[in-house]
Amino acid sequence: MAEFVSNDVVRILRDAETLTGVKTLTSGDSGKTYFLNAAGGATITLPALKNGLNFKFIVADNFSTTNWVVDSAEGDNIEGMIEMAGAVVVASGEDQINFVASAEAKGDFIQLECNGTNWFVSGQAALSGGITATDPS
């Protein structure tokens, strides 16, 4: 008979939230994972730049009518790379990251890390064009 042994390991769960519509993030939301879960996308606005802020966004359900948009509050400060279908897309001085309706796949994701001056993005999409980096202004 096996004996149950207890230990002092603490299991830490990441703070997560499911989004179904528009959201404006605050610095208090840093560290959260957001699951994008609505047929029609919406805009998520990042908080003001602050060293150490970080967020993760994951496509949790297919959407077909509207893009999910992650928008910088200040603009022109998203830098980094996103891999899509094996190709790398570079973000340089962008305002937004877009999960593109009808081109997304469950599990596509981005992570954003802030150094106080820029948002640095990394991520992956299963299909070409599933995620775009844009500067619409």
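**Strands and their surroundings**

Mentor: In strand β9, the bridge partner of V70 is I97. The model is a predicted one, in which local features need pLDDT of at least 70 and side-chain atom pairs count only at pLDDT 80 or more, while totals for chains, interfaces and linings use all residues. Residues are numbered from 1 along each chain as its sequence is written, and side-chain values use heavy atoms, with hydrogens and water left out.

Strands here are DSSP runs of E with at least two residues, numbered from the N terminus, and two strands pair if DSSP finds at least two bridges between them. By that rule, β6 (residues 68-71) and β9 (residues 96-99) pair in the antiparallel sense over 4 bridges. Both belong to an open sheet of 5 strands with mixed pairing, in the order β2-β4-β6-β9-β12. At its edges lie β2 (23-24) and β12 (131-134), each of which pairs on one side only.

Most residues other than glycine have a negative phi. D76, in the loop between β6 and β7 (78-84), has a positive phi near 55 degrees. For their surroundings, buried means under 20% relative accessible area, exposed over 50%, and partly exposed in between, with a 1.4 Å probe and protein chains only. At 45% relative accessibility D76 counts as partly exposed, whereas S102, at 58%, counts as exposed.

From β7 the pairing can be followed to two further strands. β7 and β8 run antiparallel and are joined by 6 bridges, with I82 standing opposite V89 in β8. Their hairpin has 2 residues between the strands, and A85 takes a positive phi near 50 degrees there. With β11, β7 pairs in the parallel sense over 7 bridges; here E79 stands opposite F120, and M84 stands opposite A125.

β11 also pairs with β10, in the antiparallel sense over 6 bridges, and the bridge partner of F109 in β11 is Q124. These two strands form a hairpin with 4 residues between them, and in its turn G116 has a positive phi of about 95 degrees.

W119 leads on to the aromatic rings. Rings of Phe, Tyr and Trp (its six-membered ring) pair if their centres lie within 6.5 Å; planes under 30 degrees apart count as stacked, over 60 as edge-to-face and the rest as tilted. Across the whole structure, 3 aromatic pairs are found. In one of them, the ring centres of F55 and W119 are 5.9 Å apart and the planes stand at 50 degrees, so the pair is tilted. Because F55 lies in β5 (residues 54-59) and W119 in β11 (residues 119-125), this pair ties together parts that are 64 residues apart in sequence. Both F55 and W119 are buried, and ring pairs link Y34, F55, F57 and W119 into a cluster.

Another part of the picture is charge. A salt bridge is a side-chain nitrogen of Lys or Arg within 4 Å of a carboxyl oxygen of Asp or Glu, and the count by this rule comes to 3. E17 meets K23 in one of them, at 3.2 Å from N to O, and K32 in another, at 3.1 Å. The latter pair links distant parts of the chain, with K32 in the loop between β2 and β3 (33-36) and E17 in β1 (residues 16-19), 15 residues apart. K32 also forms a salt bridge with D29, whose closest N and O atoms are 3.5 Å apart. E17 is partly exposed, with a relative accessible area of 22%, whereas K32 is buried at 13% and D29 is buried at 10%. Through shared partners, the salt bridges join E17, K23, D29 and K32 into one network.
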